[in-house]
Amino acid sequence: MTGPREPLTSASHPVRTQRRRNRLTAWLLVVVALLITLPILYLRTR
Amino acid sequence: MASIPLDPAHGGHAHDDHHDHHPTGLKRWLTTTNHKDIGTMYLWFSFTMFIVGGIMAMIIRAELFQPGLQIVKPEFFNQLTSLHGLIMVFGAIMPAFVGFANWMLPLQLGAPDMAFARMNNWSFWMLPPAAILLISSMFVPGGSVAAGWTMYPPLTVQQGYGMDLTIFAVHILGASSIMGSINIITTILNLRAPGMTLMKMPMFAWTWLITAFLLIATMPVLAGAITMILTDRHFGTTFFNAAGGGDPVMYQHIFWFFGHPEVYIIALPAFGVVSQVIPAFSRKKLFGYPSMVYATASIAILSLIVWAHHMFTVGMPVAGQLYFMFATMLIAVPTGVKVFNWVATMWRGSITLETPMLFALGFLFLFTLGGFTGIVVALSPVDVQIHDTYYVVAHFHYVMVAGALFSAFAAVYYWGPKWTGWMYEEKLGKIHFWWSLIAFNIAFFPQHFLGLAGMPRRIPDYNQQFTEWNQVSSIGAFLFGTAQIFFLIIVIRMIKGKSGVRAPAKPWDGAEGLEWTVPSPAPYHTFETPPVVK
């Protein structure tokens with residue numbers, strides 16, 4: 001998932017792989033945000 | 001910072017320089033996905049808001065020059081203090097450091113751009129509408145938010161529809177910050193140059209990585225809190241209304257779960273800048289790099305569990321007060337680690353005092369002072385006496401202005417030559433520093449005395465016994481304000497090349513990092529072929 005990227009020199013897949021990795025990271029972060037926010041708002045307002 | 005020698009076979013910029021084709025004029029700025037363009041826009045936006053918030057501060061200080069009411073009505077005064085806070089926090093300081101992140105992170109990590117370049121454009125262009133909403137709320141019937149930047153109910157539930165504009169503005173600013181944070185984390189985790197392990201990253205990247213996690217953890221909570229105010233106002237809920245079974249103090253808990261980490265969202269990237277500048281001008285490596293990383297992470301984690309120290313006076317149980325007091329004081333430990341590491345970096349270094357270093361040293365002295373008064377206000381029995389007095393105002397301005405703003409100035413002088421291709425005029429930079437330093441202390445140091453003597457904050461009038469120190473403070477504030485107009489002149493002169501000295505690729509001989517391997521000004525596209533870091 002993480003770690004230094006590969007050199008993007010060959011013409012084929014790396015760019016697409018990179019974009020997929022980026023998108024996956026972003027959605028994971030959205031999940032993290034929800035996992036923190038929703039319980040706090042629930043616990044504080046129940 | 002860890003050493004990152006370059007593999008000369010992959011030096012990696014000269015062959016990137018050839019395609020500088022991009023739209024010109026307004027279209028360039030509206031449609032750009034280039035991290036450097038977006039960084040530049042963030043920085044100019046931030047400076048504009050800094051001036052707007054600064055003008056509000058000047059009116060506040062003019063009103064407080066004498067006891068009694070002179071210039072503005074009390075209700076407008078309340079709007080000024082509230083908007084000054086919101087604009088400076090969300091409009092000036094945060095976008096400034098996002099601007100530095102946009103400009104410098106890809107250059108420091110050897111990435112061609114941010115991970116989500118189009119979302120980056122959207123993150124920026126959400127800001128101007130939000131700023132317009134926020135400022136225009138002053139001109140609607142009932143005026144803008146007048147309950148302080150913290151937007152406490154019940155006042156905010158009762159105000160006119162300027163409050164709705166403020167809520168929407170903060171929503172948009174928050175959404176922009178969350179998108180920016182996701183972009184920054186993804187860039188740092190996925191787009192580092194081959195060989196750049198996490199523990200070889202420059203400290204600025206580390207501090208931003210941790211800050212971005214804080215942002216995505218806390219910004220949605222703020223959004224939730226102000227959405228509840230919105231539904232309390234218009235949709236019949238009673239989250240914060242005791243008459244309906246709600247509780248206004250609950251808002252304070254939710255707000256400060258965001259609000260305290262927000263202090264570190266502002267401070268941590270500032271620490272990152274200082275951690276770059278001090279080694280560069282001490283000509284030594286950063287002392288204790290791993291401990292700096294762990295201290296930054298510790299501060300971030302602790303910042304999430306200390307929020308109620310902002311509300312010692314709401315009547316919480318003694319056990320709660322004790323917990324939040326000691327947890328808060330614990331933050332002094334990792335912060336102390338950082339301060340000692342900066343001092344140890346300078347120890348026996350070959351120090352020169354160019355403007356970035358002066359601002360970093362100013363930061364070090366004054367932020368430490370602000371941190372020290374932070375320990376004072378963290379003490380629950382003491383805080384009960386000085387809560388909502390000018391002592392608190394003095395404390396957080398030492399943290400925010402001498403901390404974040406001085407660090408932002410250091411960053412502009414340090415990286416400005418890389419952005420513009422020209423050196424700034426050293427003499428003018430030094431004048432700006434000393435002018436700011438002296439004026440800042442004249443403005444804010446007396447506020448400690450006023451607070452200890454009992455002068456309340458957010459009130460346009462005061463008892464005559466407070467007159468002298470208020471006058472000193474106002475004079476200092478006007479001097480500080482004019483120093484920043486001088487700063488604008490310095491920056492414009494740097495952009496226009498008035499110094500006549502072209503910036504070399506690496507203008508600071510002690511500086512380290514990939515950003516200094518590309519020419520100055522940095523070409524439009526950099527590191528399309530990643531450099532290899534050994």
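Predicted model: local features only at pLDDT ≥ 70, side-chain atom pairs only at ≥ 80, totals over all residues.
Me: Which residues is A:Thr37 in contact with, leaving aside its neighbours within four places in sequence?
Reply: Those are B:Ala217, B:Pro220 and B:Val221. Contact here means heavy atoms within 4.5 Å.

Me: Is A:Thr37 buried or exposed?
Reply: A:Thr37 counts as buried because its relative accessibility is 4%. The cut-offs are under 20% relative accessible area for buried, over 50% for exposed, and partly exposed in between (1.4 Å probe, protein chains only).

Me: What does the side chain of A:Thr37 reach?
Reply: The backbone oxygen of A:Ala33, at 2.7 Å.

Me: Zooming out, how many residues of chain A are in contact with chain B?
Reply: There are 25 from chain A, meeting 32 residues of chain B.

Me: And what area do chain A and chain B bury between them?
Reply: About 2,200 Å², with 71% of it on carbon and sulfur atoms. Buried area is the accessible area (1.4 Å probe) that two parts lose on being put together, summed over both.

Me: How many residue pairs are in polar contact between chain A and chain B?
Reply: The count is four, with both residues at pLDDT 80 or more. On the side of chain A that touches chain B, twelve residues are nonpolar, eight polar and five charged. Ala, Val, Leu, Ile, Met, Phe, Trp, Tyr, Cys and Pro count as nonpolar, Asp, Glu, Lys and Arg as charged, and the others, Gly among them, as polar. A polar contact is a pair of N or O atoms within 3.5 Å; within protein, one must be able to donate a hydrogen and the other to accept it, and residues adjacent in sequence count only if both atoms are side-chain atoms.

Me: Show me one. What meets B:Asp509 in a salt bridge?
Reply: The side chain of B:Arg283, at 2.9 Å from N to O. This pair links distant parts of the chain, 226 residues apart: B:Asp509 is in the segment after H17 of chain B, and B:Arg283 is in the loop between H9 and H10 of chain B. B:Asp509 is exposed at 55% relative accessible area, whereas B:Arg283 is partly exposed at 31%.

Me: What about B:Glu425, which residue does it meet in a salt bridge?
Reply: B:Arg493, with 2.7 Å from N to O. B:Glu425 lies in the loop between H15 and H16 of chain B and B:Arg493 in helix H17 of chain B, so they tie together parts 68 residues apart in sequence. B:Glu425 counts as buried at 17%, and B:Arg493 is partly exposed at 30%.

Me: New topic. Where is B:Leu64 found?
Reply: In the loop between helix H2 (35-63) and helix H3 (74-109) of chain B. B:Leu64 counts as buried because its relative accessibility is 0%. Beyond its neighbours within four places in sequence, B:Leu64 has contacts that include B:Phe77, B:Tyr390, B:Met455 and B:Ile459.

Me: Last one: what is the mean pLDDT of chain B?
Reply: It is 94, and 96% of the residues of chain B reach 70 or more. Among the elements of chain B, helix H1 (residues 25-31) has the lowest mean pLDDT (90) and helix H17 (residues 467-495) the highest (98). Over residues 1-18 of chain B, pLDDT stays under 50. The model scores ipTM 0.73 and pTM 0.92.

Terms used. Residues numbered from 1 in each chain as written. Chains lettered and ligands numbered in written order. Heavy atoms only, no water. pLDDT = per-residue confidence, 0-100. Helix = DSSP H or I, 4+ residues; strand = E, 2+ residues; numbered from the N terminus. Salt bridge = Lys/Arg side-chain N within 4 Å of Asp/Glu carboxyl O.
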